[in-house]
Amino acid sequence: MNIRLITIGKTDNKSLQNLIDDYTKRLSFYIKFDLEIIPDIKNVKNLSESQQKEKEGQLILSKISASDQLILLDENGKQFSSVAFSAELQKKMNSGIKTLAFVIGGPYGFSDAVYAMAQGKISLSEMTFSHQMVRLFFIEQLYRGYTILKNEPYHHQ
């Protein structure tokens, strides 16, 4: 199984980017992982919130193939413990999914079209985090999940 994380906008904080790069490298020992960054939409000041979500939604959907399983990182999604998330990853691998595509939307969330295509939603917390931090937290949780599955001493209970 391949895992893709699709995000809107680049990470401009170098410290966060270094940590994202570190966990991305660590994750590569367990699974094929790609971080795909969709550039920020230009001239958003001239767009309404819904117009911006629609444009971002079109760009997100252009990155999804029919065989991908699409999971949104969404504040209203299901919450998992790290151990439960690792079990969910194992379940996805066992089901024969070729590519699992997780998406972090723009500042206003997702368009209706993206919600309609999604096969699931995950929430990292009831708290709100910056989109740049969510990337780091999510990639670290993917890494943690695979270390749990391999019984490696990264995660402590």
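Biologist: How many bridges join strand β1 to strand β2?

Modeller: A word on the source: this is a predicted model, where local features need pLDDT of at least 70 and side-chain atom pairs count only at pLDDT 80 or more, while totals for chains, interfaces and linings use all residues. Residues are numbered from 1 along each chain as its sequence is written, and side-chain values use heavy atoms, with hydrogens and water left out. Strands (E, at least two residues) and helices (H or I, at least four) are DSSP runs numbered from the N terminus, and two strands pair if DSSP finds at least two bridges between them. Strand β1 covers residues 2-8, strand β2 covers residues 32-38, they run parallel, and the bridges joining them number seven.

Biologist: Which residue of β2 is the bridge partner of L5?

Modeller: R4 is bridged to D34 in β2. For L5, the partner in β2 is L35.

Biologist: What is the hand of the β-α-β unit made by β1, helix α1 and β2?

Modeller: A crossover is right-handed if, with the strands pointing away from the viewer, the path from the first strand over the helix to the second runs clockwise. Helix α1 spans residues 14-27, and the unit it makes with β1 and β2 is right-handed.

Biologist: What is the order of the strands in the open sheet?

Modeller: Strands of a sheet pair through backbone hydrogen bonds, either parallel or antiparallel. Here β1 and β4 pair in the parallel sense over six bridges, and β3 (residues 68-78) pairs with β4 (residues 99-104) in the parallel sense, also over six bridges. The five strands of the open sheet come in the order β2-β1-β4-β3-β5.

Biologist: Which are the edge strands?

Modeller: An edge strand of this sheet pairs on one side only. The two that do so are β2 and β5 (120-122).

Biologist: Is β1 largely enclosed or open, and why?

Modeller: Buried means under 20% relative accessible area, exposed over 50%, and partly exposed in between, with a 1.4 Å probe and protein chains only. Six of the seven residues of β1 are buried, so the strand is largely enclosed by the rest of the structure.

Biologist: At about what angle does helix α5 run to β1?

Modeller: Axes are lines fitted to C-alpha atoms, for helices over the stretch in contact (heavy atoms within 4.5 Å). Angles run from 0 to 180 degrees between N-to-C directions. Helix α5 (residues 131-149) lies across β1, β2, β3 and β4, and its angle to β1 is about 170°.

Biologist: Are the rings of F110 and Y115 stacked or edge-to-face, and why?

Modeller: Rings of Phe, Tyr and Trp (its six-membered ring) pair if their centres lie within 6.5 Å; planes under 30 degrees apart count as stacked, over 60 as edge-to-face and the rest as tilted. By this rule the count comes to nine aromatic pairs. In the pair of F110 and Y115 the centres are 5.7 Å apart and the planes stand at 80°, so the pair is edge-to-face.

Biologist: Is F29 buried or exposed?

Modeller: F29 sits in the loop between α1 and β2. Its C-alpha is 9.4 Å from that of Y143, though 114 residues separate F29 and Y143 in sequence. With a relative accessible area of 67%, F29 is exposed.

Biologist: What is the phi of N151 near?

Modeller: Most residues other than glycine have a negative phi, and most peptide bonds are trans. N151 is in the segment after α5 and counts as exposed at 72% relative accessibility. Its phi is positive, near 60°.
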